[in-house]
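Reader: I would like to go through this model and ask what stands behind each term. Please show it first.

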Amino acid sequence: MLEYKKDGWKAAISLAPAMILLAVFTFWPILNAFRMAFMNDYSMSSGKWDGIGIRNFIYIFKDPTFWTALKNTCIMVFISVPITIILGLFIAVGLNSIKKLQSTFQTIFFLPYVTNTIALGLVFGAMFHQYDGFINQLFNKNISWIGAGASYTNAMIVLMIYTVWNGLAFKIIVFLSGLQSIDKQYYQAAQIDATPRGRVFRRITVPLLSPMILYITITSLIGAFKAYSSVISIFGTGKYGPGSDPKLLITIVGYVYEKLWASGVPLGEAAAGSLILFAIILAITLVQLQVGKKRVHY
Amino acid sequence: MNHSELFLDPKQMKVYKTKKILFSIVLYSFLILVALFIIIPFYYMLVTSLKTVEEINSDQFIFFPRSWMWENYSELFTNKNGTITKGISLWTMYKNTIIVAVLTTTGTIITVVLSAFAFARLNFKGRELIFSILLMTMMIPGEIYVITNYQTIGSLGWRNTYQALVLPFVTSVFYTFFLRQTFKQIPNELYLAAKVDGTSDFGYLIKIMIPIAKATIITIIILSMIGTWNAYVWPSLVTNDKSMYLVSNGLLEMFKGKVEQSGPDSILNVQMAGSTMVTVPLLIVFILLRKYIMSGVSRSGIKG
């Protein structure tokens, strides 16, 4: 670029609005989270704390609800993310190989992306309602999926189905744009050699799509670790389970937000919880990038 | 494909063609199954929203209601049977959401265009440093900011105000990054030509850069609007006054009382009417702006 230019003033004016807002609502909150997490017993209502230390973290690690939240989140992440990615990949490859109805299918598959998570969560809750739900009515069953006395597995299945339903759109559209940018010559070469479809998929499509697969894996894992709205909406009351067990499917983010509604508002614990979430996300990203270095072809 | 056919004898040809047809049957069936999986919740939502209580309580699933119960929709607005928590109005929710969406989006566009312009076109000390700090904040989950922002809004006495709903989202590092990429692709020659004509830097931004980056800016507008329409966590934290609800948290609060009291059995139809009223406006926008939204999402890779 034009390196002789000096635009200090103009830059200051253009950047000021964004920077002021970011300072208040992004930079300071990040620093403050690290500060509050180490202020023992810091709460919003008292505004006091008891020295610097790791007491907030100790509370969290001693709290069985935190471990429930961690377990729930991990189960959800490690089942729903692979299912969504693999399914999304197959759908995108399928879509890419057809001509008729391609854009119709594409539009349908994209619909969940533009729908309200809460509204559709209520719909899934209704579909799996014990007496009036479409699933039980259709199969003539009387299973309590998410209502009173619902088992952990049943509630988790409903949540997974909703999560997969909700997450497919984004994966399909990213994979599809990746597929469309692959050079057709690879496929023509494979066709001349009469390579079977399975092998074309494994040897050409997957390796050439690997940067997209890595990107989608990272963003999906991060997104799934932050699950929250999908859980509270299927139960329809802002809780994480049926009335009989309101913390059944609590997630890590849910655990953190609950602190903001708890009496006294223990901000220190909330901050500590959010840092734990951050640590998990950071670890996953680093591991993925490390794997990416070895396995991804750019 | 046509070339390879020439080298096959008729028998092989037949096998080849049958295989091809079988493959497309399997492929289309798979895609139709997935399409059904995606559509069924929408179908269920619409059908249930038009049923009577007797029909939703029936043992057998009724695929189409005998007569359409538009009363379920008017119940959302009139609350004749007391289905909805008192004091929550769908009109107010729409109004609030539109106000917040317009303010947030306008603000976002102004701050993002200006800062993307500075990073793409201006020379100043520390440009790369500031930009890399911004990129680093993208790695940090938003849940971390929420805690302090909640405290800030509380200490400013801004609970239940529009500024609490708008200000934290009036800029976005991600959109800045996204728009900067588009601005960077504008060739330097255009800038030099504009300079020769005596155009100032800000004049160049308004006359040249913004028109060229129109598609990206429209994408940001649409995504920001969708973001507000679907925002749940932040509104539910900073508002508890029923006159300040947005559509997402309002929708959940509308039926919460009734659901907690007696379960959703008797109000499923009205609840689904509510979900429809929150889903349909966005679907209409999507159908009208399908191309912009789909290409925008695939280009920017914004996580859903």
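Author: One definition to begin: the expected span of a helix is 1.5 Å times one less than its number of residues. Keep in mind that the model is predicted.

Reader: How do you know that the span of α7(B) agrees with that rule?

Author: α7(B) has 13 residues, so it should span 18 Å. Its end C-alpha atoms are 19 Å apart, which agrees.

Reader: Why is α7(B) called mostly covered?

Author: A residue is buried if 20 or more other C-beta atoms lie within 10 Å of its own. In α7(B), 10 of the 13 residues are buried, hence "mostly covered". Among them are Glu143(B), Tyr145(B), Asn149(B) and Ile153(B).

Reader: What do the buried residues of α7(B) pack against?

Author: Elements of two chains. From chain A come α1, α11 and α12. From chain B come α8 (162-166) and α13 (233-238).

Reader: Which residues of α12(A) are buried, and what do they pack against?

Author: The buried residues include Leu267(A), Gly268(A), Glu269(A), Leu277(A) and Ile281(A). They pack against α1 (8-37), α2 (55-62), α9 (197-225) and α11 (252-261) of chain A. α7 (143-155) of chain B is also a partner.

Reader: What follows α7(B)?

Author: Gly157(B) follows α7(B), with a positive phi near 70 degrees.

Reader: How many residues does the contact between the chains take from each?

Author: Residues count as in contact if their C-beta atoms lie within 7 Å. The contact takes 81 residues from chain B and 83 from chain A. On the chain B side, helix α2 (residues 10-49) gives the largest share, 12 residues. By class, that side has 49 nonpolar, 23 polar and nine charged residues.

Reader: How does the radius of gyration of chain B stand against the globule rule?

Author: For 304 residues, a compact globule would have a radius near 19 Å, but chain B has 26 Å. Its C-alpha atoms fill a box of roughly 80 × 75 × 35 Å along the principal axes.

Reader: What else describes chain B as a whole, in helices, burial and contacts?

Author: Chain B has 16 helices and zero strands. Of its 304 residues, 40% count as buried. Among contacts with a separation of 6 or more, 74% join residues 24 or more positions apart.

Note on methods
Residues are numbered from 1 along each chain as its sequence is written. Chains are lettered from A and ligands numbered from 1 in the order in which they are written. This is a predicted model: local features need pLDDT of at least 70, side-chain atom pairs count only at pLDDT 80 or more; totals for chains, interfaces and linings use all residues. A residue is buried if 20 or more other C-beta atoms lie within 10 Å of its own, exposed if 12 or fewer, and partly exposed in between; C-beta atoms are placed from the backbone. Helices (H or I, at least four residues) and strands (E, at least two) are DSSP runs, numbered from the N terminus. Two residues are in contact if their C-beta atoms, placed from the backbone, lie within 7 Å. Ala, Val, Leu, Ile, Met, Phe, Trp, Tyr, Cys and Pro count as nonpolar, Asp, Glu, Lys and Arg as charged, and the others, Gly among them, as polar. The radius of gyration is taken over C-alpha atoms; the globule rule is 2.2 Å times the number of residues to the power 0.38.
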